[in-house]
Amino acid sequence: MKAPVIDLHRPNRPGAAVGLLALVVGIVALIAAMQYRDALKEQGEALDEREATIAKQEAKFHVISNAHRESGDARMAQLMAQQRYATEPARDLIEGGWHQNIALLSLDFVTASRQINMQFETRSVQEAISYADWLQAQPGAESVAIKRQIQKPGPPAPSVETSLQVTWKAFVARPVAASAVAAAASASAASAASAASAASPASAAPAASQARPQASHAAHPSGARR
Amino acid sequence: MSRWSDHLEALRSVAKKRPKLNAPSIKTPAFMSRTTIWIDGRHARTFGGAPMPLSSANDVAAALKAIETLAPKPANLGLHALRVVVGAPFARYHALPWQPLPKPQDWVAAARVQAVQMGAGTEAWRYAVTDGAWEQGRLAAAISEALCASIERLCKTRKLQLLGIEPAYTFAMQKHAARIRDGAIAIVALEETERDAAIAHIGLRRGGGWTAFIALPVTRTREGALDGVLRDAFALCADTPPERRYVIGPGGPGGPDARERWSADAALVEWLPAPWDAAT
């Protein structure tokens with residue numbers, strides 16, 4: 001049996017044990033909560049530290065990638081400007097297509113807009129147009145426009161004056177092996193054409209020069225151009 | 001069954017051989033002491049001490065004077081505790097029928113009403129009510145206010161720690177709580193006033209609550225006086241006799257003959273030694 005406790009010194013009052021127990025439990029709970037809070041704080045600090053290291057690494061990678069993208073390197077900027085404003089692709093284009101029946105009157109490289117403004121004279125319209133077509137077919141040319149074409153009934157010989165505007169591509173990814181093959185092909189074509197040029201005069205081969213201007217310009221004798 | 005009871009007997013013999021915790025072999029330090037004083041209408045005594053008769057019977061002033069002589073006078077500072085167990089004429093009990101009152105102090109008014117109905121005098125009493133479950137009757141105990149206040153004043157002046165002023169009935173019941181099985185039971189606390197006279201406090205319980213309480217005098221004019229008193233009490237208070245009867249009475253070391261003095265039919269009651277008589 002649970003016996004009742006009657007104390008007339010403190011009548012009708014609950015025992016102190018419950019209150020003391022509640023106090024102790026409260027203190028224990030408080031301590032536990034504070035320790036749990038400390039543990040959470042430690043976890044948070046560890047996470048912060050980890051995040052800081054990751055941020056540091058990211059900053060490093062960012063610096064590296066920025067160095068690749070746009071660095072403050074003057075030499076690199078100079079090289080890039082040289083590449084951007086280089087006239088070599090344009091000159092390659094002109095040199096590759098020229099032959100002796102073409103007389104260049106003026107040649108103007110505008111590197112800022114990557115344009116060649118050129119005027120040249122040929123004996124016939126077909127030669128001029130085939131030259132323009134050849135230029136158009138090159139991978140290094142972006143666009144070719146014939147601006148003006150005049151026939152001149154000159155006293156020495158009738159000729160056609162053509163003004164041409166070519167826009168070239170700044171960087172053409174041209175494979176090395178392909179260019180070597182092209183060089184070999186042009187060399188063999190030159191030898192074949194030199195054999196053929198002995199038989200036929202230069203002025204009488206407009207069809208051949210239309211099809212392959214590079215081959216035909218090699219075939220013409222050097223004295224043809226005036 | 002028999003093996004189990006044998007086992008229980010063996011355990012009990014072992015427990016008897018084991019020295020008790022409050023045995024005098026364990027010495028308490030000088031700065032600590034603990035005194036329990038028994039007081040009833042005829043005499044006062046400390047537990048384990050000789051009874052000291054009061055100068056005038058059933059008198060609060062005489063009782064207080066006896067307590068003052070018995071209470072320790074600590075020479076040095078320390079933790080000196082005093083507990084007073086109050087017996088028959090100074091402590092009264094009431095069984096309160098169920099009322100929907102949640103707190104024990106709400107029941108005090110009902111206890112006062114019952115005391116007035118039973119013919120209490122004009123003097124002030126201090127009431128305490130047990131706490132219990134809902135829809136169960138409560139037991140109220142009352143001790144005269146003058147005795148309580150003067151005991152508290154005494155403890156304050158002598159720098160004693162007052163552990164409690166407890167009525168004898170609940171004190172004894174608390175000591176024997178492990179032996180008492182609840183149910184429809186009667187718990188009797190027998191307080192000897194004279195050699196041949198006693199007061200029987202009879203409390204009746206049913207279903208975990210108090211149903212009735214009555215205090216009757218017992219005189220040992222013939223054999224089995226307590227049985228007759230219990231029969232009267234059950235006839236007065238309860239419609240059906242209780243299943244078990246526990247009597248907390250003078251027994252102590254000389255148990256069997258003490259209980260035969262009061263009760264002829266020992267098979268009907270379970271006799272428990274009173275804590276205030278256990279040491280004598």
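Trainee: What percentage of the residues of chain A count as buried?
Mentor: Keep in mind that this is a predicted model. A residue is called buried when 20 or more other C-beta atoms lie within 10 Å of its own. By that count, 17% of the 226 residues of chain A are buried.

Trainee: Which pattern of helices and strands does chain A follow along the sequence?
Mentor: Chain A holds seven helices and four strands. Going along the sequence, they come as α-α-α-β-β-α-β-β-α-α-α. For contacts in chain A with a separation of 6 or more, 62% join residues 24 or more positions apart.

Trainee: How do I read the contact between the two chains?
Mentor: In general, the size of an interface is often given as the accessible area lost when the parts come together. Here we can look at residues instead: 25 come from chain B and 11 from chain A. On the chain B side, β6, β7, α4, β8 and α5 each supply at least two residues, and β8(B) gives the most, with five. That side of chain B divides into 15 nonpolar, five polar and five charged residues.

Trainee: Is helix α5 of chain B mostly covered or mostly open?
Mentor: Mostly covered: α5(B) spans residues 168–175, and six of its eight residues are buried. They are Ala168(B), Tyr169(B), Thr170(B), Phe171(B), Ala172(B) and Met173(B).

Definitions and conventions. Residues are numbered from 1 along each chain as its sequence is written. Chains are lettered from A and ligands numbered from 1 in the order in which they are written. This is a predicted model: local features need pLDDT of at least 70, side-chain atom pairs count only at pLDDT 80 or more; totals for chains, interfaces and linings use all residues. A residue is buried if 20 or more other C-beta atoms lie within 10 Å of its own, exposed if 12 or fewer, and partly exposed in between; C-beta atoms are placed from the backbone. Two residues are in contact if their C-beta atoms, placed from the backbone, lie within 7 Å. Ala, Val, Leu, Ile, Met, Phe, Trp, Tyr, Cys and Pro count as nonpolar, Asp, Glu, Lys and Arg as charged, and the others, Gly among them, as polar.
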